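These are my notebook entries on a single protein model. I set down what I looked up, in the order in which I looked.

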Amino acid sequence: MPIPSAGPGQVLIEVAATSVNPADTYFRAGRFRLLIRLKLPFVPGLDVAGVVAATGSGSGRFSVGDPVFAALTGKTAGGYARYVAVDESAVARAPSSLSLQEAAAVPLVALTALQGLRDVGGMGAGDRVLVFGAAGGVGTAAVQVAARLGAEVTAATTPDQLGFVRGLGAHEVVNRDRWRESLGGGRFDLVFDASGKLSARALRPLVRREGTAVTVNPGTGNPLIAALSRLLPGAAVRGFLVRPSGGDLVLLRGWIEDGSFRPVIQETLPIQEVARAHRVSEGGGVRGKLVLTIPSTPPATPRGA
């Protein structure tokens, strides 16, 4: 494909690394086709970290050579490539304490956690918060974000991840496979389902009556489902889609540089192994993120390919 150009208000990023999110596999499998209509050919990838290669007219926040990171919109994506043009408003300087490969693991999951807890859930300091699916990409970010914002965090995860998740800042860690017995009913101000697998029926009893349950499953944010949820007694249940935000990434960069947030990476692979990375992601149980590195020089094309 041709190298894209930076349009007005955009920067062209030479990508050093991207990462695999479950959404990438969902796009590939067509699971989002009722929510987002894609224009083919479609390049997946919702995270990028790299250096600015060019700037478009009207863009003035970045210069060529600046190390940056960004989350991309689901409709256009494009992170699995050597170059991508991104709206300047979605971009921030990469944290000085991370390599670009580490920075690529941050944007989408950290923005999802921050916006889900702060904006959708209305979380405040001192709130009792449950993070369900706490060892995955969004879950590891949500535990750290909630703790950084002053919440009392309970994390639910698989038995083999209990100690690891406690080390992220959770005040209490429970076995996800026995959460009904462990958590009791109606004790949390906010429940954040980072897995997107719990139904509204399962989430509602965990939250006190005036509280909120937030899920990363965008289907739960369907207006009809949301309206039906409000008709039922008990807590509100809200789904949402994350939005790219350079301003939020600046906030997260500060937390990374002061040591209160860190990316969690299970494995780093070359982009040529993206198919294997998707299979690993689809198999479940990934701790944190899978990062894909992109070479600065493209590999030679085999004769006849």
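Entry 1
I note that the model is a predicted one. Arginine 276 has a relative accessible area of 33% and is partly exposed. Glutamate 273, at 31%, is partly exposed as well.

Entry 1
I took the pairs in turn.

The side chains of aspartate 248 and arginine 118 meet in a salt bridge, at 3.2 Å from N to O. Aspartate 248 belongs to helix α9 (residues 246-257) and arginine 118 to helix α3, so this pair ties together parts of the chain 130 residues apart in sequence. Are these two residues buried or exposed? Aspartate 248 has 8% relative accessibility; buried means under 20%, so this residue counts as buried. Arginine 118, at 28%, counts as partly exposed.

Aspartate 119 forms a salt bridge with arginine 243, and here the closest N and O atoms are 3.9 Å apart. Aspartate 119 is in helix α3, while arginine 243 is in the loop between β11 and α9, so the pair links parts that lie 124 residues apart in sequence. I found aspartate 119 partly exposed, with a relative accessible area of 40%. Arginine 243 also counts as partly exposed, at 43% relative accessibility. A search of the whole structure gave me 13 salt bridges.

Entry 2. The sheet of six strands.
I turned to the strands and traced an open sheet of six, in the order β8-β7-β6-β9-β10-β11, with parallel pairing. β8 (172-175) and β11 (236-239) are at the edges and have a single partner strand each, so one side of each has no neighbour in the sheet. From one strand to the next, the twist averages 20°.

I also looked up what lies across this sheet. Helix α3 (residues 107-120) lies across β6, β9, β10 (207-215) and β11, and runs at about 150° to β9. Arginine 118 and aspartate 119, from the previous entry, both lie in this helix.

Entry 3. Strand β6 and its two partners.
I then followed strand β6, which spans residues 128-132. How many of its five residues are buried? Four are, and I therefore recorded the strand as mostly covered.

Strand β6 runs parallel to strand β7 (residues 152-157), and five bridges join the two. Strand β9 (residues 188-193) is also parallel to β6, with four bridges between them. I looked for the residues that face one another across these pairings. Valine 129 stands opposite valine 153 in β7, and also opposite leucine 190 in β9. Leucine 130 stands opposite valine 191 in β9.

Entry 4. Helix α4.
What do β6, helix α4 and β7 make? Together they form a right-handed β-α-β unit, in which α4 covers residues 137-148. I checked the span of α4: with twelve residues, the helix reaches 17 Å from its first C-alpha to its last, close to the 16 Å expected at 1.5 Å a residue.

Ten of the twelve residues of α4 are buried, so the helix is largely enclosed by the rest of the structure. Among the buried residues I noted Gly137, Val138, Gly139, Thr140 and Ala141. The buried set also includes Ala142, Val143, Gln144, Val145 and Ala146. Just after α4, I found that glycine 150 takes a positive phi of about 95°.

Entry 5. The protein as a whole.
Last, I looked up the totals. The secondary structure comes to ten helices and 13 strands. Of the 305 residues in the protein, 50% are buried. I also looked at contacts between residues at least 6 apart in sequence, and 69% of these join residues at least 24 apart.

Methods: Residues numbered from 1 in each chain as written. Predicted model: local features only at pLDDT ≥ 70, side-chain atom pairs only at ≥ 80, totals over all residues. Heavy atoms only, no water. Buried < 20%, exposed > 50% of the residue type's maximum accessible area, 1.4 Å probe, protein only. Pairing = 2+ DSSP bridges. Right-handed = clockwise from strand over helix to strand, strands pointing away. Axes fitted to C-alpha atoms, helices over the stretch in contact; angles between N-to-C directions. Contact = heavy atoms within 4.5 Å. Expected span 1.5 Å × (residues − 1). Salt bridge = Lys/Arg side-chain N within 4 Å of Asp/Glu carboxyl O.
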